[in-house]
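Here is a short briefing for a first look at this structure. Keep the sequence and the 3D view at hand while reading.

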Amino acid sequence: MKAELHPHGKCHYLVEDNIITINATGPWNLEFFQQMHRELLDIALNDVDVNNFAILLILQGDSLAAQDGLNYHLKLVKAGSAKALAINSALSNAPSISQSIFKKVYDQAGLKNKCFNSTESAKVWLTKQLS
C-alpha cells in the first residue's frame with residue numbers, strides 16, 4: 001500500500017485582468033502539483049475568462065520539483081487553456097536551473113512561454129498575449 005504524502009511547497013494566487021499570478025515556493029512533490037491544479041481549475045472556472053487568460057509563475061526558494069510531479073504538471077498543462085505563461089525566477093535559489101526545468105515543461109506542452117527577471121515586464125508581455 002502506497003503511503004499518502006502531504007504536499008511539499010507552497011503557492012499563493014492573485015488574479016488581475018485575466019492574469020493568474022502564482023507565487024510558488026519549493027521544493028515541490030507530486031501532491032503539491034495535484035493540489036495546485038485543483039486550485040487553478042477553480043480559479044480558471046470562476047475568476048478569469050477561461051478562454052482568454054494567462055499565467056505569471058513566480059518561482060521562489062528551492063524551486064525544484066520531483067519528476068513525477070513535473071510529469072503530472074506537463075499532462076495537465078497540455079490539457080489546459082491558458083494563452084501564455086511567463087516565468088520569473090529572480091527569487092529562486094537556483095534561477096537558471098529552475099527556469100530551464102519549467103521552460104522545458106511548457107515547451108513540451110506547446111504553451112507559449114517566456115522567461116523574465118521582472119514581474120512588471122512579464123505582465124506587460126502577458127497582457128499582449130491576451131485577445
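The model is predicted. Helix α2 spans residues 67-79. The largest pocket has a volume of about 500 Å³. Asn-23 lies in strand β2, and Asp-107 is found in helix α3.

**Helix α2**

- Helix α2 is made of 13 residues. From first C-alpha to last, α2 reaches 19 Å, close to the expected 18 Å at 1.5 Å a residue.
- Five names make up the buried set of α2: Gly-69, Leu-70, His-73, Leu-74 and Val-77.
- Viewed down the axis of α2, these buried residues fall within an arc of 140°, so they line one face of the helix.
- An α-helix has 3.6 residues a turn, so residues three or four places apart point the same way.
- The face of α2 turned away from the buried side carries exposed residues: Lys-75, Lys-78 and Ala-79.
- The cover over the buried residues of α2 includes α1 (30-46), β3 (54-65) and α3 (95-109).

**The largest pocket**

- The lining of the largest pocket has 28 residues. Closest to the pocket's centre are His-37, Leu-40, Ile-55, Leu-76 and Gly-80.
- Five elements each supply at least two lining residues: β2 (19-28), α1, β3, α2 and α3.
- Helix α1 gives the largest share of the lining, 8 residues.
- By class, 24 lining residues are nonpolar and 4 are polar.

- Is Asn-23 buried, partly exposed or exposed? Asn-23 has a relative accessible area of 24%. Buried means under 20% and exposed means over 50%, so a residue in between counts as partly exposed. Asn-23 is therefore partly exposed.
- Asn-23 and Leu-57 are 34 residues apart along the chain. Their C-alpha atoms are separated by 6.3 Å.
- Leaving aside neighbours within four places in sequence, Asn-23 is in contact with Lys-10, Cys-11, His-12, Ile-58 and Gln-60.

Definitions and conventions. Residues are numbered from 1 along each chain as its sequence is written. This is a predicted model: local features need pLDDT of at least 70, side-chain atom pairs count only at pLDDT 80 or more; totals for chains, interfaces and linings use all residues. Side-chain values use heavy atoms; hydrogens and water are left out. Helices (H or I, at least four residues) and strands (E, at least two) are DSSP runs, numbered from the N terminus. The expected span of a helix is 1.5 Å times one less than its number of residues. Buried means under 20% relative accessible area, exposed over 50%, partly exposed in between (1.4 Å probe, protein chains only). The arc is that of the directions from the helix axis to the C-beta atoms. Contact means heavy atoms within 4.5 Å. On a 1 Å grid over the protein atoms alone, a cavity is a set of points where a 1.4 Å probe fits but cannot get out, and a pocket is an open set with protein on both sides within 12 Å along at least five of seven lines; lining residues have an atom within 4 Å of a point. Grid points are joined across faces, edges and corners, and a volume is the space filled by probe spheres set on the points. Ala, Val, Leu, Ile, Met, Phe, Trp, Tyr, Cys and Pro count as nonpolar, Asp, Glu, Lys and Arg as charged, and the others, Gly among them, as polar.
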